[in-house]
Amino acid sequence: MRVRVATTALGITAALLALPACSPDNAGNKHKTPSAARTGKPTDAVQETAGLSSAALESRLLDPSDLGNGYLPKPERPAQHDDVTVIGCPALSELGGDAATGDTLAFPHKAEADFTYGNSSSEISEELYSDSAKKLSDGIDRIFDAMTGCPTYQVVAGGTPVDVTSQKLPAPLAGGDEQWSQLLTFIAGGRSTVVKQTAIRYGSLLLVVSGSPALVDRHLDKALAKATATS
């Protein structure tokens, strides 16, 4: 599974190095006190979201008209295949290099979209996956647990060190069967980027929204509503 902005922390390196140094978002500075990020229990109950194809998922992604003025689609970045090493976080290291580059935990149906906002470095990314409730729950839970289990660690990708701090956040109140949320800070070459990532499982559909904390908070409810709409 490849949640490109943050889920594998290691996959963010190229994106981070391409960004200018950015000041923290005002809303991002007001994140909540850390707490257990996962709520609910997996269920195999069949819901309207079960078995969606990638094409069906694509139609449920937010688009610029949903987001409003100032949002532009971000061109897809070529896949990176640098050697990756994790230092100081055994749990994340155990996921292996494939997980770091997004080639492990591949769900059969997926769709994704990335946007930039205005002339700033703020970005927001949305990804949708469809599989059995248990596979979605186990897959995303494994990655979140590994990443938030280490408050600080370092990722070296292609010879470039990236210092990472992770923090569990309270689960959102947006709904769904299970929720996860975390705040990540990446520092490389004197540049710092703060990324909020929230995942919500609704039946056999998994929504992941990542990016600038203020943008994630602003659009999460809208993304969930569109992703789970049945008409």
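Q: Leaving aside neighbours within four places in sequence, which residues is Gln182 in contact with?
A: Gln182 belongs to strand β7 (residues 178-188); a strand is a DSSP run of E with at least two residues, a helix is a run of H or I with at least four, and both are numbered from the N terminus. Contact means heavy atoms within 4.5 Å. With neighbours within four places in sequence left aside, the contacts of Gln182 are Phe144, Met147, Thr148, Gln167, Lys168, Leu169, Val195, Lys196 and Gln197.

Q: What kind of model is this?
A: Residues are numbered from 1 along each chain as its sequence is written, and side-chain values use heavy atoms, with hydrogens and water left out. Local features need pLDDT of at least 70, side-chain atom pairs count only at pLDDT 80 or more, totals for chains, interfaces and linings use all residues, and the model is predicted.

Q: Is Gln182 buried or exposed?
A: Buried means under 20% relative accessible area, exposed means over 50%, and partly exposed lies in between (1.4 Å probe, protein chains only). The relative accessible area of Gln182 is 0%, so Gln182 is buried.

Q: Which residues of α6 are buried?
A: Helix α6 has 16 residues and reaches 22 Å from its first C-alpha to its last, close to the 22 Å expected at 1.5 Å a residue. The expected span is 1.5 Å times one less than the number of residues. The buried residues of α6 are Ala133, Leu136, Ser137, Gly139, Ile140, Asp141, Ile143, Phe144, Ala146, Met147 and Thr148.

Q: How many disulfides are there?
A: A disulfide is taken as a pair of cysteine sulfur atoms within 2.5 Å. Cys89 and Cys150 are joined in this way, with an S to S distance of 2.2 Å. The count by this rule is one.

Q: How many residues apart in sequence are the parts that the pair of Cys89 and Cys150 ties together?
A: Both Cys89 and Cys150 are buried. The torsion about their S-S bond is about 85 degrees, so the disulfide is right-handed. Cys89 lies in the loop between β2 (84-87) and α4 (90-93), and Cys150 in the loop between α6 (133-148) and β5 (152-157), so the distance in sequence between the parts tied together is 61 residues.

Q: How many aromatic pairs does a search of the whole structure find?
A: Rings of Phe, Tyr and Trp (its six-membered ring) pair if their centres lie within 6.5 Å; planes under 30 degrees apart count as stacked, over 60 as edge-to-face and the rest as tilted. Across the whole structure, the number of such pairs is two.

Q: What is the angle between the planes of Tyr71 and Tyr117?
A: Tyr71 lies in strand β1 (residues 71-73) and Tyr117 in strand β3 (residues 109-117), so their pair ties together parts that are 46 residues apart in sequence. Tyr71 counts as buried at 5% relative accessibility, while Tyr117 counts as partly exposed at 29%. The pair is tilted, with 4.5 Å centre to centre and an angle between the planes of 40 degrees.

Q: Which residue forms an aromatic pair with Phe107?
A: The pair is edge-to-face, with 5.4 Å centre to centre and 70 degrees between the planes. Phe107 is in the loop between α5 (96-101) and β3, and its partner, 22 residues apart, is in strand β4 (residues 123-130). Phe107 counts as buried at 7% relative accessibility.

Q: Which residue lies over the face of Tyr117?
A: A charge sits over a ring if NZ of Lys or CZ of Arg is within 6 Å of the ring centre and within 35 degrees of the ring normal. At 5.8 Å from the ring centre of Tyr117, the residue over its face is Arg218.

Q: Where does α7 bend?
A: Helix α7 (residues 213-227) has 15 residues and reaches 20 Å from its first C-alpha to its last, close to the 21 Å expected at 1.5 Å a residue. A bend is the angle between axes fitted to the seven residues ending at a residue and the seven starting there. Buried residues of α7 include Leu215, His219 and Leu220. The bend of about 45 degrees is at His219.

Q: What separates the C-alpha atoms of Ala225 and Ala174?
A: Ala225 is in helix α7 and counts as partly exposed at 48% relative accessibility. Ala225 and Ala174 are 51 residues apart along the chain, and their C-alpha atoms are separated by 9.1 Å.
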